[in-house]
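Biologist: I am new to this structure and would like to go through it with you. Could you bring it up, please?

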Amino acid sequence: MVQQTSIQPSAPWLRLDVDESDWKAAEVSSLVRWYHQMLLIRRFEEKVLDLANAGLVHGPAHASIGQEATAVGAMSVLGTSDRINGTHRAHHQVLAKLVNARTPTGFDPIHDAFSPDMQGSVRGLMAEIMGLNAGYCGGRGGSMHMRDDASGIPGTSAIIGGNLPHAAGYALADKLQGNGNISVAFFGDGTMMAGPAYEAMNIAALYRLPVIFFAENNFYAVSTHVNEQTRETRLASRGPMLGFRGIECDGMDVVAVHHAMREARRTIEEEGGPVLVEALCYRFLHQSGARPGSEFGYRTRAEEDAWKARDPLVTMAARLKTMGILDAADLATLDQRVMEVVNTAADSLTEMSGNALRIPDHLWPNADEVDNQIRGDLSELKNERFLEIEDVPPAETRPVKFMVAASEVIARAMEQDPRIIIMGEDVHRLRGGVSGATKGALERWPERVLAMPIAENGFVGVALGAALCGLRPIVEIMFGDFCLVAADQLFNAVSKVRHMFGGGFPVPIVVRVRVSPHTGYGSQHSGDPSGLFALYPGWRIVVPTTAFDYIGLMNSALKCDDPVVVIEHVELFPSEGPVPTDDRDYCVRLGKAKIVRAGSACTLLTSASMVAVAGQVVEETGVDAEIIDLRSLDPTGLDWPLVEASIRKTNRVAVVEQVQRGLSLGGRLTQEIQDRVFDYLDHEILHVTGSLSAPVVSAPLNRAALGGADKLKAALRSLTGVSGQS
């Protein structure tokens with residue numbers, strides 16, 4: 001007979017409520033401080049909306065009015081060294097964290113004025129929202145992208161779901177460094193439906209990371225109600241679903257939020273993380289701006305009025321009066337002091353021009369600096385030891401296979417730098433992962449080789465968070481096409497994070513990408529993403545061709561403070577070449593190309609497996625071509641002096657690639673060459689590359705989809721008029 005047995009989640013899922021006794025048990029000084037902070041947030045955002053209405057905020061202003069209790073209650077259990085991030089609606093969380101980090105012990109909001117540091121934090125945040133040079137990110141982040149690492153804010157993200165993996169990464173760094181900190185990712189109900197949210201929560205649960213996922217469920221993702229987004233509207237259920245505690249609380253009650261966060265922190269400290277907190281709350285205004293949602297027709301005035309009756313500021317003021325903690329005069333004094341702080345900040349950022357406010361010219365960022373801080377200047381490598389294979393006597397070398405060199409250099413780097421970790425799918429199995437690159441690390445530091453679920457976007461985001469907090473992750477992407485799965489984190493986050501937040505900090509992440517277009521794996525496992533990375537100048541792109549170059553380029557990548565992607569062509573894996581017998585510590589310069597064959601008839605710009613193809617074709621045709629192995633492919637870091645000198649000598653050039661045409665770099669390089677050396681060209685620039693289609697499984701179609709010897713021979717005939725021997 002069929003039997004049905006109810007199955008319960010393995011982790012607790014609970015609702016936490018408080019009553020008057022909990023309010024009475026709270027320290028009076030804490031209650032006053034919390035009310036003061038909520039009031040500061042409310043008046044600050046009202047002022048921001050006034051400035052926006054006056055045309056002084058360029059971009060959106062996503063106010064959190066109505067949700068102040070969630071931010072203040074959450075911050076009440078966090079120290080300065082604990083880290084937070086948020087999404088596009090993060091003014092309240094960021095302001096509370098900034099001010100807390102600068103509030104002296106014993107500060108009395110009724111009797112004590114804001115210190116210059118406290119006042120400066122309010123001004124700095126307001127300036128950032130207004131896009132001014134006095135902002136925390138120099139005006140580049142604005143309302144949605146805010147960072148102050150000293151206050152425990154590594155950076156908010158405007159991409160829905162994008163910030164959760166980062167917070168898990170902060171927590172991974174904290175756990176491996178053993179510092180006892182916790183991290184908190186704030187997000188809304190709409191974010192709970194995004195894939196990165198689940199990926200981040202699952203990875204955090206898998207590794208028991210000290211992170212709190214804090215969902216502000218205000219019931220609307222822009223205008224879409226939560227019951228139109230998901231069948232299970234109790235969002236705290238997602239925690240137990242993934243094996244960790246979920247806590248629901250009243251987000252309009254600061255004491256309830258405080259207790260929920262205190263329970264979450266206790267759980268992490270005693271049992272391990274993560275914890276999901278769902279705070280039920282309400283934003284009084286529309287998604288952005290000062291108008292209520294009812295004016296847009298997606299909710300009613302009656303609904304808004306019902307929630308406004310539970311306004312956390314109004315209800316808390318009434319409670320504090322009833323409890324005899326504050327009287328009407330005290331409440332008026334607090335409001336007056338807060339308004340003075342907010343107005344002082346606004347007045348310092350504006351001036352009158354006739355009857356209108358304007359922003360003084362000296363507060364605008366310098367437009368000439370728009371491209372500054374996209375990435376660093378490589379000064380961190382200035383004292384490294386750089387070698388080329390020609391610098392090493394042959395007697396002091398031995399032949400090593402390409403992927404053996406990879407395994408050896410990564411293990412050696414991990415020996416020297418305990419901050420290096422490895423993350424990826426299957427990196428902990430198969431005697432070194434699918435390519436063998438982690439073999440040496442697995443044998444010596446298995447605890448620093450972290451297996452990841454099939455969630456590229458999630459674990460790249462975790463790696464970024466860890467990189468922002470002191471680690472130097474190596475991330476393995478199993479196939480080049482999978483970079484598209486991780487595209488949000490690779491290109492919206494990693495590539496932009498330094499410039500977006502004003503620079504001045506490292507983003508030391510290395511992404512290893514395996515590329516195998518020739519193997520018959522088909523259209524979804526054969527792409528070379530170099531051209532994609534080249535669209536985002538925050539990335540450095542290196543493509544080693546020899547075992548020697550792999551060691552040197554990987555060492556440079558691991559010491560570089562910029563994000564570096566290392567493209568590994570599978571065709572090169574079995575190749576063998578000389579490397580120093582006992583040296584795995586040398587570097588090869590990033591942005592330094594190499595002439596592998598000198599010539600005068602034309603210049604061939606190529607890399608990776610196409611270097612050998614070019615050499616073979618030149619030998620077969622007898623064309624005196626100069627072959628340059630670019631090694632670094634990022635257009636803003638490419639060795640243009642060497643390339644230009646070669647073209648000035650030969651007056652003819654072809655860009656030689658294997659990849660399908662749509663993903664190729666050739667178009668970008670062709671434009672750059674025309675801009676730089678057009679007057680030296682005696683022939684159009686030729687581009688040897690693959691077909692329009694992605695590689696497919698059938699062997700002849702696979703070969704036809706790629707750039708190869710036949711296409712290069714045709715290009716040489718066109719360039720030089722030499723038909724060659726074939």
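Biologist: What should the 12 residues of helix α7 span?
Modeller: At 1.5 Å a residue, helix α7 (residues 195-206) should span 16 Å, and its end C-alpha atoms are 17 Å apart, which agrees. The expected span is 1.5 Å times one less than the number of residues. Helices (H or I, at least four residues) and strands (E, at least two) are DSSP runs, numbered from the N terminus. This is a predicted model, in which local features need pLDDT of at least 70 and side-chain atom pairs count only at pLDDT 80 or more, while totals for chains, interfaces and linings use all residues. Residues are numbered from 1 along each chain as its sequence is written, and side-chain values use heavy atoms, with hydrogens and water left out.

Biologist: Which residues in α7 are buried?
Modeller: They are Pro196, Ala197, Ala200, Met201, Ile203, Ala204 and Ala205. Buried means under 20% relative accessible area, exposed over 50%, and partly exposed in between (1.4 Å probe, protein chains only).

Biologist: And what covers the buried residues of α7?
Modeller: The cover includes α6 (163-177), β4 (211-217), α8 (238-241) and α15 (456-467). Just after α7, Arg208 takes a positive phi of about 50 degrees.

Biologist: Let us turn to Ala167. Where is Ala167 placed?
Modeller: Ala167 is in helix α6. Ala167 counts as buried because its relative accessibility is 0%.

Biologist: Which residues does Ala167 touch?
Modeller: Leaving aside residues up to four places away in sequence, Ala167 touches Asn85, Ser183, Val184, Ala185 and Val211. Contact here means heavy atoms within 4.5 Å. Ala167 and Arg83 are 84 residues apart in sequence, with a C-alpha to C-alpha distance of 7.9 Å.

Biologist: New topic: is His92 buried or exposed?
Modeller: His92 is buried, because its relative accessibility is 0%. This residue is found in helix α4 (residues 91-102).

Biologist: How many cavities of 30 Å³ or more does the structure hold?
Modeller: It holds 5. On a 1 Å grid over the protein atoms alone, a cavity is a set of points where a 1.4 Å probe fits but cannot get out, and lining residues have an atom within 4 Å of a point. Grid points are joined across faces, edges and corners, and a volume is the space filled by probe spheres set on the points.

Biologist: What lies around the largest cavity?
Modeller: The largest cavity is lined by 21 residues, and Asp528, Ser607, Leu633, Val656 and Glu657 lie nearest its centre. The elements that give two or more residues to this lining are α18 (530-534), β20 (602-606), α20 and β22 (653-656). The space inside the largest cavity is about 200 Å³.

Biologist: Which helix gives the most to the lining of the second largest cavity?
Modeller: Helix α2 (residues 28-53) does, with 3 residues. The second largest cavity has a volume of about 50 Å³.

Conventions. On a 1 Å grid over the protein atoms alone, a cavity is a set of points where a 1.4 Å probe fits but cannot get out, and a pocket is an open set with protein on both sides within 12 Å along at least five of seven lines; lining residues have an atom within 4 Å of a point.
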